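Thanks for passing this one along. Here are a few notes to read with the model open beside you.

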There are 2 protein chains.
Amino acid sequence: MLAEFDLIRRYFMSPQEAQATDGVALGCGDDATLLVPQAGQQLAVSVDTSVVDVHFPHDAPAYAIGHRALAVALSDLAAMGAKSRWCLMAITLDQRAFKDDTAAEQWLADYASGFHTLCQQHATTLAGGDVTSGALSISVTVMGEVPTGTAITRSGAQVGDVVAVTGALGGGAGGLALWQQGERDLKHPLLQRYLLPQPRLKAGIALRGLATAAMDISDGLLADLAHLREASQVGVALQPDSLPLAEGLAEVLGSEAALTAALSGGDDYELLVTLPPSKVAQAQMQLAELGLSLSIIGRCTEALGVTGVSVEGATGWQHFRGGAQ
Amino acid sequence: MLAEFDLIRRYFMSPQEAQATDGVALGCGDDATLLVPQAGQQLAVSVDTSVVDVHFPHDAPAYAIGHRALAVALSDLAAMGAKSRWCLMAITLDQRAFKDDTAAEQWLADYASGFHTLCQQHATTLAGGDVTSGALSISVTVMGEVPTGTAITRSGAQVGDVVAVTGALGGGAGGLALWQQGERDLKHPLLQRYLLPQPRLKAGIALRGLATAAMDISDGLLADLAHLREASQVGVALQPDSLPLAEGLAEVLGSEAALTAALSGGDDYELLVTLPPSKVAQAQMQLAELGLSLSIIGRCTEALGVTGVSVEGATGWQHFRGGAQ
C-alpha cells in the first residue's frame, strides 16, 4: 500500500495546487498552508463530514464520493452568499476495502477527479489535507469570502416575506431510492441529483441584497425550514402544491411519496430563501440567467409554526439518530 | 440517544462561543461561521484527523481524546509561528460504544471539557463543527494568523545552521508503551506526554525572526527531519548523545529503546527548528521564559542525508502503512 505522503502528493498536490496562486502564499506540503484573505471581506467557514453507508453508499462511484463530499460543504457557503475560495480535505481510508494496490489507486484517482473537477468549477483551491487509516470518511472544511455586511444568514426573515426554493426538491431522496433499487445509470437525472449535487454558489451570490434569509436544504425542507423559522422567529404558511418536484420523481415514487420526498427527504442541497415580495421578480430573473428556477412555496407569518402541510412523521433527517440512509 | 443538534448545542455551543467576540462576526448555528481576519496577517490553516485505535486507544479518557485531537492540530500552527485564532471540530461518534445515554452524555461532557480547556489556554474560538454517526474519529481544522512574511516554513534551513528541538523527545512512544502495559495514572509524566501533549504555540511565536525553519515532530524525529531536509535541501549531522530524553523514559524502556523512541517514536509534538548559531542564545533565553528548553541536536550540512545515527528500521511512523499504534 502506498504511504500517506505519496497518496497526498500524487492525487491532491497537482502542480496547480502547489503554486502560490489564488490567495495561497504557501501551498500544501508544510505544517500549515498560508492564505491571504482579502481586505473588506469576512471569512465564511464550515465543515461537513461524509461517512460511508451513512451519507453515501459504499459502492457509490468514487468520482461521485469525491464530488459529493465537497459539494455538501460548499452548499453551506452558497447559503451564506459567500464566494468559495479554499478547502481542506481530510480523508480516512480503509485499505482493506480494496482488493489490491491497483484497485486502491484507481479508486483514489477517480475520487480525486471528482473532487478536483468541482474545485475547478467553483474556483476553489485545495489548501491542505490529511490522510488516515480507518472506515471511509471524508471531512471537508470550506472557506469562502463575502463582503462585510452582505452575508445572508438564517435570522433575517420578516413577516410578509415570500418563502422560495431554488431548483427542484426530492431528487436526493428519489435518487437514493433508485440506487437502492439497483439503478446504476449515472445519467439518470435523479441519480445525478443524489450523487452529484450542485452547490448553488452562484445563486447565493446573486441573492445578496435580495434575500432576507437563506439556508441550504440538506436534512429536508421541513426540518431545515424549522431552523430558519426558529432563527428568524417567524412562522410559515406553506403551499405544498407549489413545491417544485425533481424531474421524474413522481414517476419513480408515486405522487404521494414524491411530495413526502420533497418535504422531508434530505440531500437536495438547494437554497431555501426568504425575500420581500418586491424583490421576487429581480431574484427570479437573476437566477434564470444561471439556468436556475426560484419557486415561491409559501409566506412568512407572525404566528409561529407551519401551516399548509401535515408535519406528522415528517421531521426530516438527523444523521445521529442512526436511521439507515 | 440525543439528536445531533442537541449534542452540538449542549457541549459545543456554550454562550461564550456563541458571542460575536474574538474575531467572530457570526458564531455557530448558521450554515457557516463568519470570521474577521486581521489586516496585515496571513491565515495559517491545517487539518488533522484522529481515529480511534489508530491515533489514540479506544479506552483513553474522553478528556484526553478531546484535548489531544485539538493539540495535534494546533501543533501545526505552532510550527509555523502562527497565533491560533479559530478551530472547527468534526466528530464522528459510534453510539453503540456507549452502554446507555448517561454514559454517552458523560463521555461527551468530558470530551468537550478537554477540548474547550485547551481552546481557552490558547485563545482559540471553536467556530463551527459537525457531528455524524460512525466509528469514532475527530477532524480538527485550525486557523491561525501570522504577520505577513514572518511565518516559519520547512524550507529555510541553511548549511551551518544549528538543529534544535524544544522540550524532550520519546515521551509519546514511552507513554503509549506504558498505556499498553496497563498504566492508568494520568499523573505519570510519560502518560501526560502521550495523552495530553502541549502544542508549542508560544514557542513558535517566540522563534519568529530567529528560526530559519521549523516543523512539529509528530511522526518521529528522523521521519520529520527528512521532510525538513528535503524542503530545505540540506543534510544533517545529528548528535544522538544530545537528544533530550523525556523524563522517566530510560527507566521505563531501557536506554537503547529510549533512544529509539526519541529518534523514531511519534506523537511528541515538540518543535524541530534550525537557526543560525548566532541566534541560539537568544532563542534559548526566550524559550526559557516559557519554561521550555531548546536543545541543540545537530547541524545542517551541505552533504544531503543524515549522519550520526543508524537509520536502519527507523523511518518513523506513517499512519497509512497500517501499522498498529
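This is a predicted model: local features need pLDDT of at least 70, side-chain atom pairs count only at pLDDT 80 or more; totals for chains, interfaces and linings use all residues.

The points below go through the contact between the two chains and then the annotated positions.

1. Start with the extent of the contact. Chain A contributes 63 residues and chain B contributes 62 residues. Together they bury about 5,100 Å² between chain A and chain B, and carbon and sulfur atoms supply 61% of that area.

2. Now the polar side of the picture. Between chain A and chain B there are 17 residue pairs in polar contact, counting pairs with both residues at pLDDT 80 or more. On chain A, strand β3 (residues 41–51) provides the largest share of the side that touches chain B, with ten residues. Sorted by class, that side of chain A holds 31 nonpolar, 20 polar and twelve charged residues.

3. Four salt bridges are counted between chain A and chain B. One of them links the side chains of R154(A) and D31(B), at 3.2 Å from N to O.

4. The chains also pair through strands. Strand β2 (residues 33–35) of chain A runs antiparallel to strand β3 (residues 41–51) of chain B, and three bridges join them.

5. Finally, the record. An unreviewed UniProt entry gives the feature "binding site" at D31(A), S46(A) and D76(A). These positions span 46 residues of sequence and are also spread in space, with up to 26.8 Å between C-alpha atoms. Of these, S46(A) sits in strand β3 of chain A.

Technical notes: Residues are numbered from 1 along each chain as its sequence is written. Chains are lettered from A and ligands numbered from 1 in the order in which they are written. Side-chain values use heavy atoms; hydrogens and water are left out. Contact means heavy atoms within 4.5 Å. Buried area is the accessible area (1.4 Å probe) that two parts lose on being put together, summed over both. A polar contact is a pair of N or O atoms within 3.5 Å; within protein, one must be able to donate a hydrogen and the other to accept it, and residues adjacent in sequence count only if both atoms are side-chain atoms. Helices (H or I, at least four residues) and strands (E, at least two) are DSSP runs, numbered from the N terminus. Ala, Val, Leu, Ile, Met, Phe, Trp, Tyr, Cys and Pro count as nonpolar, Asp, Glu, Lys and Arg as charged, and the others, Gly among them, as polar. Two strands pair if DSSP finds at least two bridges between them. UniProt positions are given in the numbering used here, feature names are shortened, and annotations may be inferred rather than shown by experiment.
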